[in-house]
Amino acid sequence: MVMSLRSLFSRSVGMPAHLAQSRAGLFRLAFMWCHDRALADDLTQEALVKALRHAEQLRDPARMRAWLYGILANCWRDHLRARRPTEDIDTVEEHLLASADTPERTASQSQLALRVQTAVARLPVGQREVLSLVDLEECSYAEVALILDIPIGTVMSRLCRGRAALRSALADTQAPRSALRSVK
Amino acid sequence: MNLEPSEERLSALIDGELAPADAEPLLEQMRIDAALRERVAQLRLGKELVRHAYAELARPRRPALAAGGAPRWHVLVASMLAVAVGALLGWVAREPGQPAAFTTVELARQDAVAQAGAAERIVLHLSSSAPQQALAVLDRAEGLLEAARAAGRHVPVEIVANSGGLDLLRTDVSAHAGRIAKLRGAYPQLMLVACGQTAQRLRDAGTAVSLLPGTVEATSALDEIVLRMQQGWTYVRI
């Protein structure tokens, strides 16, 4: 995969640097959807390869982010279709706990981050997708609608339901305001 | 009669999705309605918690574009350190409470601004109570927001205030509360973040700290700035 990706990058003109810069955002999104680093990495790779192969489909470079995230969303849905229903919340929590042991996560805020991630992982997929695009990647609602191919009204309702569920989940453990203060 | 604003409307407000004409009545209502202020603060807090929870995941574990062999963690760590040290240098470059030299230091992450299609995001850092600094940060924010709107781009701008700079965001102290309210009405993508450590120091000293509507209290300004830079925001020290 690495070799093919490199060779694709070397053949393309203009796109590679932009795609490489988008990698972190793609990975972050994919992780928030699946909460599994290895899978998030695979989805990111897959999306980048598809983007390079279909670069000509991007007519407006200003829409590259939405276009890339849309490709990632498609890769993610393909994965869900292929794997369902083998993943469940216990699997996700195992992945989260496993990744919590890594140095970069224990270095800071792992406890709070883990609690938030666990709460996010319990959200329905659709809410998780919308929440990640709005909160993490700061996409506009219109962009989210485009990326996920859903109406803006659905974006808003999923967002609100997701936020309400998160608020309720986190309130059970610790007041969010004091939790945020504890982040170091 | 003010109807209770829906969650969707409040979400749209904190996400910068409301047109100024729609945001203004809400902001006005927030000025007199403590419960509404709290609802908005909780929403923003939830958004910040999600960002914090995934902030450290900006770097994939496997360096896909590396030339093979050992992972390039040392490069990633070095770049993260460079960003953090840059923020720290800006942070400690002058004494708290002293008017800063009227210079702006911009530490732009190389890969953020040039990214095609990605909206630029800017964090403006104010740590002085000097009147000209407070004016400078607002002028800078307004200029950026105006320019972005004229260009048809959505550019979030965040003012992070600590030390003496916190005065700008304190309800009973700020000399610019009216202008800030107008700016937030016109540009919902303008965010205000107060340093929790500065606020706590004031509280410990017996000073009541009331922040302007829509202001979020972060753990510390430094945490917020480092987080933003990790997320690819452009840092501008006023």
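Visitor: Leaving aside neighbours within four places in sequence, which residues is Ala194(B) in contact with?

Guide: In this predicted model, Ala194(B) sits in strand E4 (residues 190-195) of chain B. Its relative accessible area is 1% and buried means under 20%, so Ala194(B) is buried. Beyond its neighbours within four places in sequence, the contacts of Ala194(B) are Ala161(B), Leu166(B), Leu169(B), Leu211(B), Thr215(B), Val216(B), Glu217(B) and Ala218(B).

Visitor: How many Å apart in space are Ala194(B) and Thr215(B), C-alpha to C-alpha?

Guide: Thr215(B) is among the contacts of Ala194(B). In sequence the two are 21 residues apart, but from C-alpha to C-alpha the distance between Ala194(B) and Thr215(B) is 6.7 Å.

Visitor: Are H1(B) and H2(B) roughly parallel or roughly perpendicular to each other?

Guide: Two packed helices are described by the angle between their axes and the distance between the axes. For helix H1 (residues 7-14) and helix H2 (residues 20-32) of chain B, the axes are 11 Å apart and the angle is about 100°. Angles of 65 to 115 degrees count as roughly perpendicular, and therefore H1(B) and H2(B) are roughly perpendicular.

Visitor: How many nonpolar residues does the contact of H1(B) with H2(B) have?

Guide: From H1(B) come Arg9(B), Leu10(B) and Leu13(B), and they meet Asp22(B), Ala23(B), Leu26(B), Leu27(B) and Met30(B) of H2(B). Sorted by class, this contact of H1(B) with H2(B) has two charged residues, no polar ones, and a nonpolar count of six.

Visitor: At roughly what angle do the axes of H10(A) and H1(B) cross?

Guide: H1(B) also meets a helix of chain A, H10(A), and their axes come within 9 Å. H10(A) and H1(B) are roughly perpendicular to each other, with a crossing angle of roughly 90°.

Visitor: Which residues of H1(B) make the contact with H10(A)?

Guide: By class, the contact of H10(A) with H1(B) has four nonpolar, two polar and four charged residues. H10(A) supplies Met156(A), Ser157(A), Leu159(A), Cys160(A), Arg163(A) and Arg167(A), while H1(B) supplies Glu7(B), Glu8(B), Ser11(B) and Ile14(B).

Visitor: How far does helix H10 of chain A reach from its first C-alpha to its last?

Guide: H10 of chain A covers residues 152-171, which is 20 residues. At 1.5 Å a residue, 28 Å is expected, and the reach of H10(A) is close to that, at 28 Å.

Visitor: What covers the buried residues of H9(A)?

Guide: Helix H9 (residues 141-148) of chain A has eight residues, and six of them are buried. These are Tyr141(A), Glu143(A), Val144(A), Ala145(A), Ile147(A) and Leu148(A). Their cover includes H4, H8 and H10 of chain A together with H1 of chain B.

Visitor: Is His35(A) buried or exposed?

Guide: His35(A) has a place in the loop between helix H2 (15-34) and helix H3 (37-53) of chain A. Its phi is near 55°, a positive value in a residue other than glycine. The relative accessibility of His35(A) is 1%, so His35(A) counts as buried.

Visitor: What is the relative accessibility of Glu138(A)?

Guide: Glu138(A) lies in the loop between H8 and H9 of chain A, and its phi is also positive, near 55°. Glu138(A) counts as buried, with a relative accessibility of 10%.

Visitor: What percentage of the residues in chain A is buried?

Guide: Chain A has eleven helices and zero strands. Of its 184 residues, the buried share is 55%.

Conventions
Residues are numbered from 1 along each chain as its sequence is written. Chains are lettered from A and ligands numbered from 1 in the order in which they are written. This is a predicted model: local features need pLDDT of at least 70, side-chain atom pairs count only at pLDDT 80 or more; totals for chains, interfaces and linings use all residues. Side-chain values use heavy atoms; hydrogens and water are left out. Axes are lines fitted to C-alpha atoms, for helices over the stretch in contact, and angles run from 0 to 180 degrees between N-to-C directions. Helices (H or I, at least four residues) and strands (E, at least two) are DSSP runs, numbered from the N terminus. Angles under 35 degrees count as roughly parallel, over 145 as roughly antiparallel, 65 to 115 as roughly perpendicular and the rest as oblique. Contact means heavy atoms within 4.5 Å. Ala, Val, Leu, Ile, Met, Phe, Trp, Tyr, Cys and Pro count as nonpolar, Asp, Glu, Lys and Arg as charged, and the others, Gly among them, as polar. The expected span of a helix is 1.5 Å times one less than its number of residues. Buried means under 20% relative accessible area, exposed over 50%, partly exposed in between (1.4 Å probe, protein chains only).
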